[in-house]
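Biologist: I am new to this model and would like a close look at one part, the packing between helices. Please go through it pair by pair.

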Amino acid sequence: MTTDDDTAAAAAAISHKDKGNEAFKASQWSEAVQQYSSAIKLGAKHKELPVFYKNRAAAYLKLEQYQNALDDCTESLRLAPNDPKALFRRAQAYEALSKPEEAYRDATALFKADPGNKSVQPMLKRLHLIVQENAALNAKTSTKVTQMMELTFDFAAPIEKRRSAANNLVVLAKEPTGAELMYKEQCIAKIATLAKVEKDHDIYLNMVRVVASLCENSVERTKGVLTELGIPWFMRVLDQKHEDCVSTAQFCLQSIINALSGLKNKADAKPDKELCSRNNREIDSLLTCLVYSITDRTISGKARDAVIELLTRNVHYTALEWAERLVEIRGLCRLLDVCSELPDYKYESAMDITASSSTIASVCLARIYENMYYDAAKVRFTDQIDEYVKDKLLSPDMESKVRVTVAITALLNGPLDVGNQIVARDGILQMILAMATTDDLLQQRVACECLIAASSKKDKAKALCEQGVEILKGLYHSKNDAIRVRALVGLCKLGSYGGQDAAIRPFGDGAALKLAEACRRFLIKPGKDKDIRRWAADGLAYLTLDAECKEKLIDDKDSIHALMDLARAGDQSCLYGVVTTFVNLCNAYEKQELVPEMVELAKFAKHHIPEEHELDDVDFVNKRITVLANEGITAALCALAKTESHNSQELIARVLNAVCGLQELRGKVVQDGGVKTLLRLALEGTEKGKRHASQALARIGITINPEVAFSGQRSLDVIRPLLNLLLQDCTALENFEALMALTNLASMNENVRQRIIKEQGVSKIEFYLMEDHLYLTRAAAQCICNLVMSDDVVKMFEGDNDRVKFLALLCEDEDEETAMACAGALAMLTSVSTKCCAKILDIASWLNILHTLIANPSPAVQHRGTVVILNMINAGPEITKKLFATDIMELLSGLSQLADNTRTKAREVATQCLAAAERDRIIERSDNAEIPDVFAESAKITEIVDDD
């Protein structure tokens, strides 16, 4: 580069720095970062490069990107040691990152370099106390860590003492100080040695939990753990017989992913893209190991399921880029291998699978396909599936065809569009139908399952009715129960494609009831294995779209108990049939809204119009819901809610919301543990599922004391789901129920009110004060009335806005409840804020508002209004003089002598108002004053307003 080029680059760098400074002053932090970054890029050799770095660090601090700020300050100090601003900003970054010792070190260095710096002095004082406290705590914790580690890893010590010490290590590892001390004490290496020889299950499990805690919130420790133990170590831990050990190892791996990507254990958390980029090598290595272990023949079925669940849980994060990476490393083929695995084929190299393995792999495939956001990605996904099917079919043996058919079934149960494309290929459907007509029981079974999955859409079901009904009828007469029940489900599914439309009957009258009776026999017959009962439940899932089948099933206690037992077992393979049956019984499915004008138009055009069966009337539906609730449906659904399938989560949320729709059943939902499940469903899954779960929580919050329904942390966790219902996309009923629940919660304590404020809830609630809807306005006013108990909300009303004005105007509302809530809120505001008192006088019609409050027909509103006036009198002489320069004194005097026992409270406050004014010498007592007719005065005021 020439000298001229250097000069131009230096000038451009300074120009970008100046623009960054301007953006910073205008509070445009992101723009400032971009400009400083350009300055750094162009001024790599510039003498002001340290300035560019420390300026960008200041912008990063404003954006709360503390790690980036820390890195920039470090680079600035490398170039210009002991720079005061760089030291100060790095100290701020360290403090924000909860590293007080490092922050104190920088603050001390700054103070030595610049003793007159006033900015650092309060920081030094604050950090000095924290560092001293931490030092004392570290000393205690260090002693505990040393003692517990010695005892845990001492095989000669009594087993009970070792177990107790291991438990204590888990607790210590959850504390930042304890975790750091244990890591420095080479705890990981000792755990690696112990894991090879430890025979006590509890100690072994606790050591895995310690590893998980050490990884939390620390990239450095996580990388150290991976280096010391290696990913294969976690796979060995995962491959255990005990289910709790598998789930603990799964949690440990998730903790590692969280630490490397910046994820938090919250439903709405997202990875940090920059952190993912920095740790890409470790994250990719972890993904690769997980993918290759999917088809590892040496691990257990439960371990395999846990690995696939981990992939499903994280594949939708775009920052991780796992969806496309899974396609690249041929993870789809491995998942299809799991789907196509059959216990019937017993080889030494066969994979160990559980009853849920195929379902879990199918859900994972569906989640990956959902994240193919553009056409080229979808084509790559489909091409890999296509290639897998073609490769399998190249082999002439029947086993390959059977495995392909099972894999296609999984696709139809997962990424349905891809499955339908495969079935539409030449010869695929014919192959399946041919397999169904053979004498081989295995071929009949898998073909039957595939036909059931293939008839998922109305047009497909209609086509299969023409080709497959006779085949299924023939299979139903098989002597093998497994074949019979599958054929029965196929007939049920084909016979139900009319949905809830009572006018469509694919089969003859009474056929649905006969099929339901056949399913019932398989469901309740003693000795039937779970697989057959699961298929019977699937059959009922289709048949219960028919209202007559619903009524027959709900009256059959044995069948309901059998369905509940299947659900409580938590088997994911049973999930669809059981939950869908419950959805149908509760009529909790999506219903098409029939616009009367469109119905008339359809009749004129001779189009079919769906008809609702009389047995689907509200009374019948409520009776069915009550029966299910009393039989323990909440506990059963909670067991199934652990699924990673968002669609299944939505179905569960729909049923629970239907149960909560009946006020008398809400206590039952709380009692059976439904709140915990609903909180999770309200924050993850489909949009509709989250709305149903949130509405159920709102309904619970309206009826039941929130301190009972949402005890402890749940009172804070429920705030976000409720606020998510305050959107324009939600129905007025959802808005109203959310506002009512928030009103009850806001009355609990200051912590709840602070959470509502933090979640930007005040502005969302205020929006509904302006709604042209009586109940929404009333509910919003009542909620605001409870929120003003918070000092932070009072400060909002004191700000430069029209909040007080709008609240005062609503005191004149015709609805007594709304006026009462607004007057109450105004009374509380004016009792603690002189500014709010003064803001009332800034309203053009303030006198009319006070007249309305004093002369209000409602004793409750009148009482609150007089409290507002009393607060204004007590706010200072200037406000009092303005008040009594009007006819307020006469109205208060009349009210104070009003002989009406229903207005005792208002009369007492009016007397206090006059006493306060007399005390401040604003008025003088006169025993001969004429008592005005307050309500006649109000009528005059109303007449004047009407004339305007």
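Modeller: A crossing of two helices is called left-handed if the near helix is turned anticlockwise from the far one by less than a right angle. The model is predicted. Two packed helices are described by the angle between their axes and the distance between those axes.

I will start with α36, which covers residues 646-660. Helix α32, residues 575-585, packs with α36 at an angle of about 30°, and the two axes are 9 Å apart. Their crossing is left-handed. On the α32 side the contact is made by Leu575, Val579, Thr580, Phe582 and Val583. On the α36 side it is made by Ser648, Leu651, Ile652 and Val655. By class, seven residues of this contact are nonpolar, two are polar and none is charged.

Helix α36 also packs with α35, residues 633-640, at an angle of about 160° and with the axes 10 Å apart. Angles over 145 degrees count as roughly antiparallel, and α35 and α36 are therefore roughly antiparallel to each other. The crossing of this pair is left-handed. Helix α35 contributes Ile633, Thr634, Leu637 and Leu640 to the contact, while α36 contributes Ile652, Val655, Leu656 and Val659. Seven of these residues are nonpolar, one is polar and none is charged.

Another pair is formed by α22, residues 398-413, and α23, residues 416-423. These helices pack at an angle of about 140°, with their axes 6 Å apart. That angle makes α22 oblique to α23, because roughly antiparallel is kept for angles over 145 degrees and roughly perpendicular for 65 to 115. From α22 the contact takes Ile408, Leu411 and Leu412. From α23 it takes Leu416, Gly419, Asn420, Ile422 and Val423. Six residues of the contact between α22 and α23 are nonpolar and two are polar, with no charged residue.

For a contrast in residue classes, consider the second largest pocket, which has a volume of about 2,100 Å³. It is lined by 49 residues, and the closest to its centre are Leu97, Ser98, Lys99, Asn217 and Ser218. Helices that give two or more residues to this lining include α4, α6, α7 and α9. The largest share, six residues, comes from α9. The lining holds 16 nonpolar, 15 polar and 18 charged residues, whereas the contact of α32 with α36 has no charged residue.

How values were computed
Residues numbered from 1 in each chain as written. Predicted model: local features only at pLDDT ≥ 70, side-chain atom pairs only at ≥ 80, totals over all residues. Heavy atoms only, no water. Axes fitted to C-alpha atoms, helices over the stretch in contact; angles between N-to-C directions. Helix = DSSP H or I, 4+ residues; strand = E, 2+ residues; numbered from the N terminus. Parallel < 35°, antiparallel > 145°, perpendicular 65-115°, else oblique. Contact = heavy atoms within 4.5 Å. Nonpolar A, V, L, I, M, F, W, Y, C, P; charged D, E, K, R; others polar. 1 Å grid on protein atoms, 1.4 Å probe; cavity = no way out; pocket = protein on both sides within 12 Å on 5 of 7 lines; lining within 4 Å. Points joined across faces, edges and corners; volume = space filled by probe spheres on them.
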